[in-house]
2 protein chains.
Amino acid sequence: MGRLGGSLLLLVALLAAAAAAAASPEESSAQVEDTAPAQHASVEAAAVSAQQQQQHHHQEQHILPRPLVIELPSSAAPPDEAFEEELPLEVRCASWRLAAEANNLAPWRAVPAECAPHVRDYVTGVAYRADLDLVARESAAYARAAPRGDDGRDAWIFDIDETLLSNLPYYADHGYGLELFDHHAFDEWVERADAPAIPSSLKLYKEVRELGFKTFLLTGRSEAHRGVTVENLNKQGFHDWDKLILRQAVDRNKTAMTYKSEKRKEMEAEGYRILGNSGDQWSDLLGSSVAVRSFKLPNPMYYIP
Amino acid sequence: MGRLGGSLLLLVALLAAAAAAAASPEESSAQVEDTAPAQHASVEAAAVSAQQQQQHHHQEQHILPRPLVIELPSSAAPPDEAFEEELPLEVRCASWRLAAEANNLAPWRAVPAECAPHVRDYVTGVAYRADLDLVARESAAYARAAPRGDDGRDAWIFDIDETLLSNLPYYADHGYGLELFDHHAFDEWVERADAPAIPSSLKLYKEVRELGFKTFLLTGRSEAHRGVTVENLNKQGFHDWDKLILRQAVDRNKTAMTYKSEKRKEMEAEGYRILGNSGDQWSDLLGSSVAVRSFKLPNPMYYIP
């Protein structure tokens, strides 16, 4: 699996170009602050340099999904070569995907090149749908069993991209996570309001509403995309949510984990009990004010800190 | 996947027997308290009844690993039958295992019967070893990059069972998680002190020590097993840990998550910075005083709340 990560030196060398292509200075800075400081020492200088090269370039657009600007050391330990040799590519890539789903990987910018076919086959095949389906059914079973109050303060949070709506048609044209994130192209896709519903999520969403939960949609999409987001959700059968929370200008410098934790804290301050939370990123679920139960939908295509 | 979970009614019917077979009254009560209260209403009466049937029976032995006494509703939502029909067993079981690793399942007492062959093939095959290997390499990469102080207060926590030591030889004789947990038989196995090291964990352990981390071994094993645990660890190449923390009588009623969170809090109070934490159960990693980064080793054989 050592070849999955590549060497740190190579990653640092790739850094400036990637940062220039994909990130605003504000985002770089937020990521450095909010991720474990532990992991950044060796790449910070390069990140700062990349920041200096571009000032206030594309600050609004590329909020979600966005790749990590700085690549962290990952799988850089000398692999057990004798064992490594025996491993079929399929096994290595399955390990990579499992590690991503269990939140074991350092932040990653793109699917490892050798695993691009594995990820493509997964998300276009039966396994992804089966995995989404099982998470939705576990969520629904919990939603039905959860003891709800009669004060209208039981809440369930849903992320949007790769949680309620699928951007697979977009990623099909962009390497299923192999390509570095192109925020211009992705914004164009978002503005078409054509993302299909994830069927199991639509079913869960309706059941959670029927059970009487307040439903809060909490997305990293920008406030500027409220109109197209509402249009897309309605077109796909999502209606009657209680709040749709999008990123404001003031949230721009925050990681998704910080931004979403703050919004959950606001919900709690308003008296809501966050019983459930559904998201495809760990940054949708972890941090502070976490839900009683969180559900991690699979997503091997991109990582948001 | 509906057939994986079985019906709630069946689970409730199975409950008293399972509780009588596997749990002390104290443990039942702790589990009811510490897991999300949401999930327990419908099985609480049965749990209380099971508690009344046995008083102070086998209170010391069966502390880890232990199955959940009360089965929670899981996958009880009507599956999408049309889709379900198409799914090969291998896909359903891979979904179940992924959901377990991503902490999406309600507490479970045993591997679903239909997935026993899948779990056996996984843990005895190359994939389990590859998954363990990748997690260890990610952990080591992070350990090397983490900014350490010069005050000797950087700490890394390791769980023991299925983290440093493997109980696979035991589980090979007990259905790889298909059988309900038999604490007498497991205690006998533990007392043989013959559990082999997980090779990638041994390598990681040594590297973390060489980097200067304080290493704390935090296990759900009982204090009564300190001697055999030390013997087993030493025999397998684990030496020089800074603390080996086992469950005391006072910890008996606590879930693993509560017990381990309390121990981490004590470490923090002593001035340690918990930079890393390695465990095969989410209850090793979640709760309070969590590590800067946590690493979830795979384990599809049992669940500890």
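In the sheet of chain B, B:L217 stands opposite B:L244 of β3(B). This pair belongs to a predicted model, in which strand β2 (residues 214-222) of chain B and β3(B) run parallel and are joined by four bridges. Helix α12 (residues 226-235) of chain B packs on the sheet, where β2 and β3 of chain B are touched, and the direction of this helix makes about 140 degrees with that of β3(B).

The sheet as a whole is open and consists of five strands of chain B in the order β3-β2-β1-β4-β5, with parallel pairing. Its edges are formed by β3 (243-247) and β5 of chain B, each of which pairs on one side only. From one strand to the next, the twist averages 20 degrees. A further helix of chain B, α13 (residues 256-269), lies across β1, β2, β3 and β4 of chain B and runs at about 150 degrees to β2(B).

Strand β4(B) has partners in both β1(B) and β5(B). With strand β1 (residues 154-158) of chain B, the pairing of β4(B) is parallel and extends over five bridges; within it, B:W156 has B:G276 as its bridge partner. Strand β5 (residues 293-296) of chain B also runs parallel to β4(B), and four bridges join the two.

The search of the whole structure for disulfides returned two over all chains. In chain A, the sulfur atoms of A:C93 and A:C115 are 2.1 Å apart and form a disulfide. The torsion about this S-S bond is about -90 degrees, and the disulfide is therefore left-handed. A:C93 lies in helix α6 (residues 89-101) of chain A, whereas A:C115 lies in the loop between α6 and α7 (116-124) of chain A, so the pair ties together parts that are 22 residues apart in sequence. With a relative accessibility of 1%, A:C93 counts as buried, because the cut-off for that class is under 20%. A:C115, at 0% relative accessibility, likewise counts as buried.

In chain B, a disulfide is formed by B:C93 and B:C115, with their sulfur atoms 2.1 Å apart. The value about the S-S bond is -85 degrees, and the link of B:C93 and B:C115 is left-handed. Since B:C93 lies in helix α6 (residues 89-101) of chain B and B:C115 in the loop between α6 and α7 (116-124) of chain B, parts that are 22 residues apart in sequence are tied together by the pair. Both B:C93 and B:C115 are buried.

Helix packing was examined in chain A. The axes of helix α8 (residues 126-145) and helix α11 (residues 199-210) of chain A come within 9 Å and cross at roughly 10 degrees. α8(A) and α11(A) are therefore roughly parallel to each other, since angles under 35 degrees fall in that class. On the side of α8(A), the contact is made by A:L132, A:D133, A:A136, A:S139, A:A140, A:A143 and A:R144, and on the side of α11(A) by A:S200, A:L204, A:E207 and A:V208. The residues of this contact between α8(A) and α11(A) comprise six nonpolar, two polar and three charged.

Technical notes
Residues numbered from 1 in each chain as written. Chains lettered and ligands numbered in written order. Predicted model: local features only at pLDDT ≥ 70, side-chain atom pairs only at ≥ 80, totals over all residues. Heavy atoms only, no water. Pairing = 2+ DSSP bridges. Disulfide = S-S within 2.5 Å. Buried < 20%, exposed > 50% of the residue type's maximum accessible area, 1.4 Å probe, protein only. Axes fitted to C-alpha atoms, helices over the stretch in contact; angles between N-to-C directions. Parallel < 35°, antiparallel > 145°, perpendicular 65-115°, else oblique. Contact = heavy atoms within 4.5 Å. Nonpolar A, V, L, I, M, F, W, Y, C, P; charged D, E, K, R; others polar.
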